[in-house]
Amino acid sequence: QYHHVSNNTPAITSVTPEQFSAHLTLIQELDIEVIPLEEMLELVSSNENAPKALSNKIGAITFDDGYSSIYHNAYPLLKKRNIPFTVFVNPKAIDDGHSGQMSWDQLREMENHGATIANHTQHHHHLLNRLEDESKEAWLTRTRIDYQQAQQRLKMELSKPKKWLAYPYGEFDENLKELLKQDGYLGISQQSGGVNYTV
């Protein structure tokens with residue numbers, strides 16, 4: 001799971017293009033099969049298949065936030081090696097022309113070459129933070145509107161966006177998890193440690 005692939009962005013959320021290339025080489029040398037995130041999610045989503053799936057040397061590559069360095073520095077390396085990947089984007093940042101964001105044309109190009117594009121919310125707010133005096137119901141309604149607006153934009157601009165949501169900052173709780181489930185979304189987070197079907 002990556003953010004920036006650049007020499008000129010904060011080190012805490014970045015790898016250099018050289019480091020990213022080295023990661024891909026190491027993956028290849030270790031004989032790890034990189035599969036589409038969709039396949040990975042299917043493999044780990046059932047109690048029956050998860051143990052068998054996770055005994056194999058497989059992985060998936062994802063990027064959060066839709067930074068232009070993904071298009072310029074990571075995408076050519078992934079395309080050359082025919083490696084699938086997923087990018088989670090914030091449509092409002094794209095529409096507002098924020099510096100360092102990919103364009104819809106760049107996202108469409110990557111999608112046409114096998115990338116998966118998915119939802120990272122409209123505004124990239126920390127979803128666990130409620131507004132002052134905001135009730136639980138109002139908080140969940142506001143959150144639902146946010147990710148549904150993002151999904152609408154993805155559907156307008158792209159041919160096959162997934163109904164997945166990468167939680168901004170990787171954080172969620174059971175309320176958010178249940179909200180997404182009600183709407184038919186799969187929530188994806190950043191967690192250290194082993195992967196299993198109960199997370």
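This is a predicted model: local features need pLDDT of at least 70, side-chain atom pairs count only at pLDDT 80 or more; totals for chains, interfaces and linings use all residues.
## Nonpolar core

The largest nonpolar core has 28 residues, and within this set Ile61 and Phe63 touch the most other members. Two or more residues each are given to this core by α1 (17-29), α4 (68-80), β6 (86-89) and α6 (104-112). Helix α4 supplies the largest share, five residues.

With residues up to four places away in sequence not counted, Ile61 touches Tyr2, Leu24, Ile27, Val34, Leu78, Ile83, Pro84, Phe85 and Thr86.

## His4 in strand β1

Strand β1 (residues 4-5) includes His4. His4 counts as buried because its relative accessibility is 11%, and the cut-off for burial is under 20%. When neighbours within four places in sequence are left aside, the contacts of His4 are Thr9, Pro10, Thr13, Ser14, Val15, Tyr67 and Ser69.

## Helix α7

Helix α7 spans residues 136-157, 22 residues in total. The distance from its first C-alpha to its last is 32 Å, close to the 32 Å expected at 1.5 Å a residue.

The buried residues of α7 are Trp139, Leu140, Thr143, Asp146, Tyr147, Ala150, Gln151, Arg153 and Leu154. These residues lie on the same side of α7 because they cover an arc of only 160° around the axis. An α-helix has 3.6 residues a turn, so residues three or four places apart point the same way. Glu137, Gln152, Lys155 and Met156 are exposed on the other side of α7. The packing partners of the buried residues of α7 are β6, α5 (91-95), α6, β7 (116-119), β8 (164-166) and α8 (174-182).

Conventions
Residues are numbered from 1 along each chain as its sequence is written. Side-chain values use heavy atoms; hydrogens and water are left out. A nonpolar core is a set of buried Ala, Val, Leu, Ile, Met, Phe, Trp, Tyr and Cys residues joined through side-chain atoms within 4.5 Å. Buried means under 20% relative accessible area, exposed over 50%, partly exposed in between (1.4 Å probe, protein chains only). Helices (H or I, at least four residues) and strands (E, at least two) are DSSP runs, numbered from the N terminus. Contact means heavy atoms within 4.5 Å. The expected span of a helix is 1.5 Å times one less than its number of residues. The arc is that of the directions from the helix axis to the C-beta atoms.
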